Amino acid sequence: MENYDKLRLADSKNVNGKVTWHSPSNLAIIKYWGKHGIQLPNNPSLSMTLTNAISKTTVEYQQRSNYSGGAEVTFEFEGKQLPKFQERIKRYLTSIKPFVPFIEQLQFDIKSENTFPHSSGIASSASAMSALALCITTIEDELFNSLPEIEDFERKASLLARLGSGSASRSIFDSWALWGKTGDVEGSSDEYAIPMKEKVHPTFHSLHDDILIVSSTEKSVSSSDGHALMDTNTYASTRYDEAKRQLFYLLEALKQGDIERFGKIAEQEAMSLHALMMVSNPSYILMEPATLAVIKKVRGYRKDTGAHLYFSLDAGPNVHLLYPDSEAEQINEFIQNELKQYCVNGLIINDKVGPGPIQID
Ligand code: PMV
């Protein structure tokens with residue numbers, strides 16, 4: 001491991017400052033499901049970075065005169081103090097101390113909010129943890145001028161984000177990102193994600209992802225519990241091999257602009273993820289009747305019209321609808337007429353591949 005000891009403040013310094021980042025969520029097409037060690041993936045994953053589902057995080061920091069190992073944090077989410085989240089963030093910040101030793105020397109006051117509705121059931125850990133990791137990385141660079149090259153800055157931010165939530169490592173990059181070591185992509189790593197935009201055909205630079213909110217109740221099994229259940233899943237090793245194979249074919253499809261092959265892989269991955277949940281011990285189901293109704297309608301519509309409309313699922317019941325910008329008008333009509341009825345209060349979040357995080361101050 002790199003030596004991070006130099007990232008400590010002289011006790012006389014008394015620094016303070018404020019950093020804000022807006023960072024998006026992402027949708028994995030090749031899913032990360034199952035991990036080992038300290039947040040290391042059991043297979044590589046590949047995702048599209050979204051535009052509209054964003055966390056906005058401000059971190060104010062102030063040097064502490066006394067410190068004793070743990071991070072010192074206050075946390076407000078959408079104007080409210082949430083002790084449970086505050087504890088989680090405190091644990092996270094304390095856990096990244098080996099990579100950013102100055103963390104214990106500062107008091108942090110963190111405020112965060114999401115652009116997507118609270119009750120939408122959208123996983124916010126990717127946007128939230130990437131926004132926080134970007135703030136911490138910026139603070140490191142402000143205090144120590146340690147990351148002047150953009151590639152080094154992004155790599156450090158991605159590594160810190162990964163330690164908070166695996167999928168967050170990919171949100172650091174615009175367009176498309178890959179996390180996890182694979183012989184298919186040079187420079188790939190289990191420690192951090194890498195940008196993939198240059199390896200992806202322009203068709204996929206503007207791909208739509210409309211998120212149909214078919215249920216907004218809290219998940220019965222959290223992502224971390226879901227990952228843990230992979231350790232005893234009978235199909236785990238088959239799954240990891242399958243993910244690696246699917247990644248190879250997806251990379252080809254993305255490079256060539258092959259939307260049909262892309263769609264087939266996206267749907268197989270979504271179904272594999274949920275199949276793994278169903279055969280876990282104990283078994284669980286995160287899909288709802290409306291999830292299946294939407295999937296059937298999408299398949300029927302595709303068969304009838306030849307439209308390039310595909311679905312994906314995250315670890316929850318909501319359906320992500322993927323389609324190229326060139327077919328947006330016709331597909332939107334279908335969504336409004338046939339699918340909106342399955343959504344809670346008609347809620348659909350219209351998103352698409354995006355420009356990645358931005359620093360506000
Ligand atoms: O980053 P986590 O630990 O919340 O896991 C995310 C898992 C999936 O969203 C289901 C897949 C993925 O790769 O994002």
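Two strands are taken to pair if DSSP finds at least two bridges between them. In this predicted model, strand β8 (residues 176–179) is joined to strand β9 (residues 193–195) by three bridges, and the two run antiparallel. Within this pairing, the bridge partner of tryptophan 179 is alanine 193 in β9. Strand β8 is also joined to β4 by four bridges, again in an antiparallel arrangement; here alanine 177 of β8 stands opposite serine 47. In a regular strand, side chains alternate between the two faces of the sheet. In β8, Trp176 and Leu178 point one way, whereas Ala177 and Trp179 point the other way, and all are buried.

Strand β4 spans residues 45–63 and includes serine 55. Serine 55 has a relative accessible area of 0% and is therefore buried, the cut-off being under 20%. A polar atom of the serine 55 side chain lies 3.2 Å from the backbone nitrogen of alanine 128. Beyond its neighbours within four places in sequence, serine 55 is in contact with several residues, among them Trp21, His22, Glu113, Ser127 and Ala131.

Oxygen atoms of the ligand lie 3.0 Å from a backbone N or O atom of tyrosine 32, 3.4 Å from a polar backbone atom of glycine 166 and 2.9 Å from an N or O atom in the side chain of histidine 227. Taken alone, the ligand exposes 380 Å², of which the protein buries 92%.

Methods: Residues are numbered from 1 along each chain as its sequence is written. This is a predicted model: local features need pLDDT of at least 70, side-chain atom pairs count only at pLDDT 80 or more; totals for chains, interfaces and linings use all residues. Side-chain values use heavy atoms; hydrogens and water are left out. Buried means under 20% relative accessible area, exposed over 50%, partly exposed in between (1.4 Å probe, protein chains only). A polar contact is a pair of N or O atoms within 3.5 Å; within protein, one must be able to donate a hydrogen and the other to accept it, and residues adjacent in sequence count only if both atoms are side-chain atoms. Contact means heavy atoms within 4.5 Å. Accessible areas come from the Shrake-Rupley method with a 1.4 Å probe; for residues, only the protein chains shown count as cover.
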